[in-house]
Amino acid sequence: MDSDKLMTTAAPDRDDPAARATWLRAELERHAHAYYVLDAPTIPDAEYDLLFKELQGIEESHPDLATPDSPTQRVGALALAQFAPVTHAVPMLSINNGFSDEDIVAFDRRVREGLKTVDEVEYAAELKFDGLAINLRYEDGVLVRAATRGDGSTGEDVTANIRTMRSIPLRLNTDTPPRLLDIRGEVLMYKADFARLNARQREAGQREFVNPRNAAAGSLRQLDSRITAQRTLRFFAYGIGALEGAQLPASHAALLDWYAQLGVTVCSERAVLKGAAALLAFYRDIGQRRASLPYDIDGVVYKVNQVAEQKTLGFVSRAPRFALAHKFPAEEATTVVQDIGVQVGRTGAITPVARLAPVFVGGVTVTNATLHNEDEVRRKDIRIGDTVIVRRAGDVIPEVVAHVPERRPADARHFVMPCDCPVCGSPIVRLEEEAVARCSGGWIKCPAQRKGGLLHFVSRRAMDVEGLGDQLVEQLVDKHIITTAADLYKLGLTALVELERMAKKSAQNVLDALEKSKSTTLARFIYALGIRHVGESTAKELARHFGQLDAIMQASPERLLEVADIGPVVARAIRSFFDDPLNVELVAQLRAAGVHWQEGEGSGDNGERPLLGQVFVLTGSLPTLSRDQAAALIEAAGGKVTGSVSKKTSYVVAGADAGSKLARAHELGVPVLDEDALQQLLGQR
């Protein structure tokens, strides 16, 4: 297509319907060409639908302005020149859209009027996939041709690429196939496959796809079918074209059942319903589950179920009277980036955030959208002043998908990552091996990270304070009752009882849990501090190697590198943490509050590890040691603690009320130890 014909012009005033209609036709043609032919959409579907509906309204109000080449008189766009054209035996028409409950009630009323009945009409309800419409031609049960919808009359021959799709049978599963069968359906890409494809694109330094529909279309229209074969495409059948040598099923539901018997994939998310109320209930049910579906949909489709009734209703110029697409609120919309700021996450991650001109998308008004990280801003080339496509699916945080190049103003500005944290003023740092920049203040210094740090501190694998969950920590921080982890051990019953949803008994349970948590292990305490890159395994190795917290706090990077599994990055993080006076002060305050653990000499580089290579299982209640304490002692001595007894188990350590694990040990002949025997094995008695 001549690029000059695709140039955008200023929109004329709505008071001039002739000029407005001419402009709308040019705009719709331009956007359709970008969407269907170039696979590079310039506006979201919802915006295109609004333009299309406006043109329909003008042509209905002013029939003399309607033209034979109007987008309202045809479907889709021309085929790519690189593919051979295919003329459809039966045109592949699209269907009209409905957006509100009133539209669906009106559709049902028109159907009943057309059928001259007052009874409830039977409908087949199914999903409206966001993919690429395809016609599959089978002759005597063998796939001979596949073509895109194109302009509805002529599509593109993509047979070679379709043959690479394992979801499409090359031969129908029947001994009595029809002489000719055109199966209509949708080629699409699942969300998980889309994510994997974009990950490969990033690794290869290639352009990422905007959405799964764009990826499916781009994959199916590869001139080299070997590329298509490398991408996972799926197919769902939902309609029929030409049929010879077989009886057409009496209903749409029966047609889909027949396809399933032939080995053709049909979607299970479908139903046969009666009346408008049932259609609306189906729409709402699918809408609630939309985000959890493995593929993208943009609505549901209602079709009069009985084929005889479909024939009675017939068609209008471009769509069947017996079907309607009920579209969901748009998940994508365009708006303008007014500014780009940053927000600090619970882990200190600095996330660029686009401040947007308010836009209604995904059922809510959006004013902010994530840009993920600095590299993403650069890769997508998002600038302040850009018109962008914003996506919001379900409860997912709104994100900026892409910018619209043709709408970029001359004074658009690049985003510059700030040097200091906007919350605490600490330097923002980004390690070479990481994509995310972070506030260096940590959760002890930076209020934005405080809640996340405290939740980690009290979590089950750390200090294990039962009853201190998200809501309670949120209240304690927001009401300025606590600032650091040490403040938790200063809490009193009165302060807790005054919080929302906190009765006296619950408050006392929290205080009891805090008191119990004071007796812990060195490994748990190190892990609870939330040192960057120090997980449970690293914390255990540090505790085993050094034996004492003071030794860890004073260790040089060189000494830290002697610990198993610790490299330069982790060593620097540990050293940096304990070089901060605020962190040292927190440790002192926690010790003063009564937090304690059993310390030892540490194994050092050549320290003795008497239990190296031996496997232990703990069961029952030991007299003086908790299971965590016993496990820490075993691991510090080189042993491994597992949860089940097998032939590979060296010892079972059993206490009071030991259960099936003890019985299993006796069955397998595994030695059983009590606490005294364990401590003798550890050399402590």
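In strand E11, Ala323, Ala325 and Lys327 point one way while Leu324 and His326 point the other, and all are buried; buried means under 20% relative accessible area with a 1.4 Å probe, counting protein chains only. In a regular strand, side chains alternate between the two faces of the sheet. Strand E11 covers residues 323–327 and is mostly covered, with five of its five residues buried. Strands here are DSSP runs of E with at least two residues, helices are runs of H or I with at least four, and both are numbered from the N terminus.

A word on the model: it is predicted, so local features need pLDDT of at least 70 and side-chain atom pairs count only at pLDDT 80 or more, whereas totals for chains, interfaces and linings use all residues. Residues are numbered from 1 along each chain as its sequence is written, and side-chain values use heavy atoms, with hydrogens and water left out.

Now to the sheet around E11. Five strands form an open sheet in the order E2-E11-E10-E3-E9, with mixed pairing. Strands E2 (97–98) and E9 (271–274) stand at the edges with a single partner strand each, so one side of each has no neighbour in the sheet. Two strands count as paired if DSSP finds at least two bridges between them.

| Strand pair | Sense | Bridges |
|---|---|---|
| E2 and E11 | parallel | two |
| E10 (residues 297–304) and E11 | antiparallel | five |
| E3 (residues 122–129) and E9 | antiparallel | four |

Gly98 has His326 in E11 as its bridge partner, and Val300 stands opposite His326 in E11. Elsewhere in the sheet, Tyr123 has Leu273 in E9 as its bridge partner.

Stepping back to the whole protein, there are 25 helices and 24 strands. Its radius of gyration is 33 Å, well over the 26 Å that the globule rule gives for 685 residues, so the protein is more spread out than a compact globule. That radius is taken over C-alpha atoms, and the rule is 2.2 Å times the number of residues to the power 0.38. Along the principal axes, the C-alpha trace spans about 100 × 65 × 55 Å.

Buried residues make up 49% of the 685 residues. Of the contacts (heavy atoms within 4.5 Å) between residues at least 6 apart in sequence, 66% join residues at least 24 apart.

Definitions and conventions. Buried means under 20% relative accessible area, exposed over 50%, partly exposed in between (1.4 Å probe, protein chains only).
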